[in-house]
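Hi everyone, thanks for making time this morning. Could we have the model up on the screen, please?

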Amino acid sequence: MNKVSIYQKINEILVDEFEVDEEVISPAASLKESLDLDSLDYVDLVVIIESNFGVKLVEADFAGMVTFQDFYDVVERKIAAKN
Amino acid sequence: MSKRVVITGMGIYSCIGTNLEEVRNSLFEGRSGIVIDKERIQFGFKSPLTGMVPAPDLKAVLSRRQRISMGEESEYAYLATVEALEQAKLREEDILQREVGILYGNDSVSKAVIETTDIVRDKRDTQLIGSGAIFKSMNSTVTMNLATIFGLSGVNMTISAACASGSHAIGMGFMFIQQGLQDLIICGGAQEINPYAMASFDGLGVFATDIDHPEQASRPFDKRRTGLVPSGGAATVILESYESAIKRGAPIVAEVVGYGFSSNGGHISTPNIEGPAKAMRRALVQANLRPQDVTYINAHATSTPLGDANEAKAILEVFGGNPYVSSTKSMTGHECWMAGASEIVYSTLMMQHGFIAPNINLVEPDDDIKELNFVSRAIKQEFDIYLSNSFGFGGTNSALVVKKFNE
């Protein structure tokens, strides 16, 4: 899975399962603010990433994660490490 | 001084209709909501008969965050409550500006618990369950969800009392308002419909067996009854103090005047005569009414051989053979945790519209209960006072007396 398809897949999931307006998604935008995330939503992010990519995000992965790009990068790194 | 308690709104989501108008028509026409659920045959059920409601789609009205905490019982309860609030002329902003409570009957969340456990068994990691599961997997799921969605700030709890849950919830709401502790409470009962919820009940061999004729399977009081048919959905009743209802110009649908309760103190599943009779007498005393004042009794009767017979004997003991008697479970099946609330909605609809719904499939009652004034075909009959019975496992009994509103 290349970078672009990972990004596309993540965006798709956020739109379909998190019901996020596609327009708010952009690499430089704030993930927390754009998605209006509360503490429970992070639990669901872990679940949907695991069920779609087979990798599990842990609490430390969210530390320092600000933008969508940060989020893409973490997932991409995890996938790469798995392979 | 105790306050008068009135009903200002009702809502219903049941197998005989998903709103008040549909349900009213079904009740008058004696329409059965019982079907065969093929999934139950695969699942190992002895009886695949059940009441069934359409699966709600709440995507357009509730956010993802709100929906993922809701199991089916909460979804049904939400829809019933929206209808009830609308009838009570309570808008979202009105609710936020005053203290509104919620007391709702519910006694299982089987599907949520089992699905959650399945995930952990599969993944071996609790962090992959998801955030909504805990809020779906507790008995108080309906009250926690609705209190959050509607922004309630009053009393907030679930009443679990087996098949009398919904009735006790209304009884408790009645007491809270009567004592001046609350002015406005959303009361009701909800019941999940899925094989998980009813498998162990089916295993007791107490479900109806007439699989070839689903609409004839639930036949309370009839000699040929073979057992109950499980069912579900939700029913909401808005209870309000008379003063509050008058002050805001709310439509008053009826008045709750008596709540009787008791416990059999005997077998866990076999009902007796004394316990129900005591609950009915207590409801009458509280309502300051005589047995002959009650025109209609909506029986608990679920279509089980002993349960129906004992209730009939209890009614005969307290009321004699005068009041009209029918069990709407002949049409709806046994709505379990919801039944005590839905049967208040059904009976109040009858009282509002001047008819008594039939106990369908009642061809010939048991020999020793024939004195009861059974209604086996709908009759047009104006009436002012009814009593509704609800009993449950563990010997819990509840009887509510409701009166047509009169200044």
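I'll start with chain A, and then walk through some places in chain B.

First, some housekeeping. This is a predicted model, so to speak of local features we need pLDDT of at least 70, and side-chain atom pairs count only at pLDDT 80 or more, while totals for chains, interfaces and linings use all residues. Residues are numbered from 1 along each chain as its sequence is written, and chains are lettered from A and ligands numbered from 1 in the order in which they are written.

Let's begin with chain A. An unreviewed UniProt entry gives the annotation "domain: Carrier" for residues 4-79 of chain A. UniProt positions are in the numbering used here, feature names are shortened, and annotations may be inferred rather than shown by experiment. Over residues 4-79 the chain is 64% helix and 0% strand, with 13 Å between the end C-alpha atoms. When I say helix or strand, I mean DSSP runs, numbered from the N terminus: H or I with at least four residues for helices, E with at least two for strands.

Which residue does UniProt list for "modified residue: O-(pantetheine 4'-phosphoryl)serine"? The unreviewed entry lists Ser39(A). You'll find Ser39(A) in helix α3, residues 39-53 of chain A. Is Ser39(A) buried or exposed? Ser39(A) is exposed, because 7 other C-beta atoms lie within 10 Å. The cut-offs are these: 20 or more other C-beta atoms within 10 Å of its own make a residue buried, 12 or fewer make it exposed, and anything in between is partly exposed, with C-beta atoms placed from the backbone.

Helix α3 of chain A also holds Ile49(A). Ile49(A) is buried, since 22 other C-beta atoms lie within 10 Å. Setting aside its neighbours within four places in sequence, Ile49(A) is in contact with Val55(A), Leu57(A) and Val75(A). Contact here means that the C-beta atoms of two residues, placed from the backbone, lie within 7 Å.

Now to chain B, and a pair of helices. Helix α1 (residues 20-29) and helix α16 (residues 339-353) of chain B have axes that come within 10 Å and cross at roughly 80°. So α1(B) is roughly perpendicular to α16(B). Axes are lines fitted to C-alpha atoms, for helices over the stretch in contact, and angles run from 0 to 180 degrees between N-to-C directions. Angles under 35 degrees count as roughly parallel, over 145 as roughly antiparallel, 65 to 115 as roughly perpendicular, and the rest as oblique.

Where the two helices meet, α1(B) brings Leu20(B), Val23(B), Arg24(B) and Leu27(B), and α16(B) brings Tyr346(B), Leu349(B), Met350(B) and His353(B). By class, this contact has 6 nonpolar, 1 polar and 1 charged residues. Ala, Val, Leu, Ile, Met, Phe, Trp, Tyr, Cys and Pro count as nonpolar, Asp, Glu, Lys and Arg as charged, and the others, Gly among them, as polar.

Next, helix α9, residues 165-178 of chain B. It has 14 residues and reaches 20 Å from its first C-alpha to its last, close to the 20 Å expected at 1.5 Å a residue. That expected span is 1.5 Å times one less than the number of residues. Of the 14 residues of α9(B), 13 are buried, so α9(B) is largely enclosed by the rest of the structure. After α9(B) comes Gly180(B), with a positive phi near 80°.

Helix α14 of chain B (residues 305-319) has buried residues too, including Gly307(B), Ala314(B) and Phe319(B). The buried residues of α14(B) pack against α13 (274-287), β9 (296-298), β10 (324-326) and β14 (385-392) of chain B. Just after α14(B), Gly320(B) takes a positive phi of about 70°.

Most residues other than glycine have a negative phi. Asn288(B), though, has a positive phi near 55°, and Asn361(B) has one near 70°. Asn288(B) sits in the loop between α13 and β9 of chain B, and counts as exposed because it has 10 C-beta neighbours inside 10 Å. Asn361(B) is in the loop between β11 (355-356) and β12 (373-374) of chain B, and is buried, with 24 other C-beta atoms within 10 Å.
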